[in-house]
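I opened the notebook to look up a few things in one structure. The entries follow in the order I made them.

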Amino acid sequence: MYKNILFGINTDMKNKKVLEQIAKLVGEGSEVTLLNVVSEKDLKASVRTGVHLDDIKERRQESMKHVFDYFNEQNIKYNLQFAKGNPKSELVQKANSGDFDVVVLSNRKAEDTDKLVLGSVSHKVAKRATIPVLIVK
């Protein structure tokens, strides 16, 4: 089992299978770090509409509540971190920081059963991360 798991999560994550796979990866002493990246595009839009970054974070946490509930039910220790910038770059940088054993991603592009290709974030992280990457369709 993995001790330190990085889970790149977006706010509209609907793939329950990724949560089930994370539950299989954890053991005693494991911790899952959920990383949500606020993109530059979202930051610019928030400035135009007068929405503060703290409000964005609060809204995103509300939309991820089902993930927190699942982890709590499964007794999975987790923490949530936010980063600002390009999601691809931020995830790769965090994955290669030396703090994690594996990266877990949900392949949004493949959530529909008729799609088989990787999304650009999944593709870049899989290509550039120096640790194992699990992409769950």
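This is a predicted model: local features need pLDDT of at least 70, side-chain atom pairs count only at pLDDT 80 or more; totals for chains, interfaces and linings use all residues.

**Entry 1: the buried side of H1.** I then went along helix H1, residues 16-25, and listed its buried residues: Val 18, Leu 19, Ile 22 and Leu 25. They sit on the same side of H1, because the arc they cover around the axis is only 115°. I also checked what lies over these residues. The cover includes strands S1 (2-8), S2 (26-38), S4 (102-106) and S5 (133-136), along with H4.

**Entry 2: H5.** I repeated the search on helix H5, residues 87-95. At its start, a side-chain oxygen of Asn 86 is within 2.8 Å of the backbone nitrogen of Lys 88. The buried residues of H5 are Leu 91, Val 92 and Ala 95. Viewed down the axis of H5, they fall within an arc of 95°, so they line one face of the helix. Among the elements covering them I found S1, S2, S4 and helix H6 (120-128).

**Entry 3: H3 and H4.** At what angle do the axes of H3 and H4 cross? I noted roughly 55° for H3 (residues 53-63) and H4 (residues 65-73), whose axes come within 4 Å. The two helices are therefore oblique to each other. On the H3 side, Gln 61, Glu 62 and Ser 63 make the contact; on the H4 side, Lys 65, His 66 and Phe 68 do. I sorted the residues of this contact into 1 nonpolar, 3 polar and 2 charged.

**Entry 4: Asn 75.** I stopped at the loop between H4 and strand S3 (78-84), where Asn 75 lies. Its phi is positive, about 55°, although Asn 75 is not a glycine. Is Asn 75 buried or exposed? Its relative accessible area is 72%, so I wrote it down as exposed.

**Entry 5: the whole chain.** Last, I stepped back to the protein chain. I counted 6 helices and 5 strands. From the N terminus, the order is β-α-β-α-α-α-β-α-β-α-β. The chain has 137 residues, and 38% of them count as buried. Of the contacts with a separation of 6 or more, 75% are between residues 24 or more positions apart.

Technical notes. Residues are numbered from 1 along each chain as its sequence is written. Side-chain values use heavy atoms; hydrogens and water are left out. Axes are lines fitted to C-alpha atoms, for helices over the stretch in contact, and angles run from 0 to 180 degrees between N-to-C directions. Angles under 35 degrees count as roughly parallel, over 145 as roughly antiparallel, 65 to 115 as roughly perpendicular and the rest as oblique. Contact means heavy atoms within 4.5 Å. Ala, Val, Leu, Ile, Met, Phe, Trp, Tyr, Cys and Pro count as nonpolar, Asp, Glu, Lys and Arg as charged, and the others, Gly among them, as polar. Buried means under 20% relative accessible area, exposed over 50%, partly exposed in between (1.4 Å probe, protein chains only). The arc is that of the directions from the helix axis to the C-beta atoms. A polar contact is a pair of N or O atoms within 3.5 Å; within protein, one must be able to donate a hydrogen and the other to accept it, and residues adjacent in sequence count only if both atoms are side-chain atoms.
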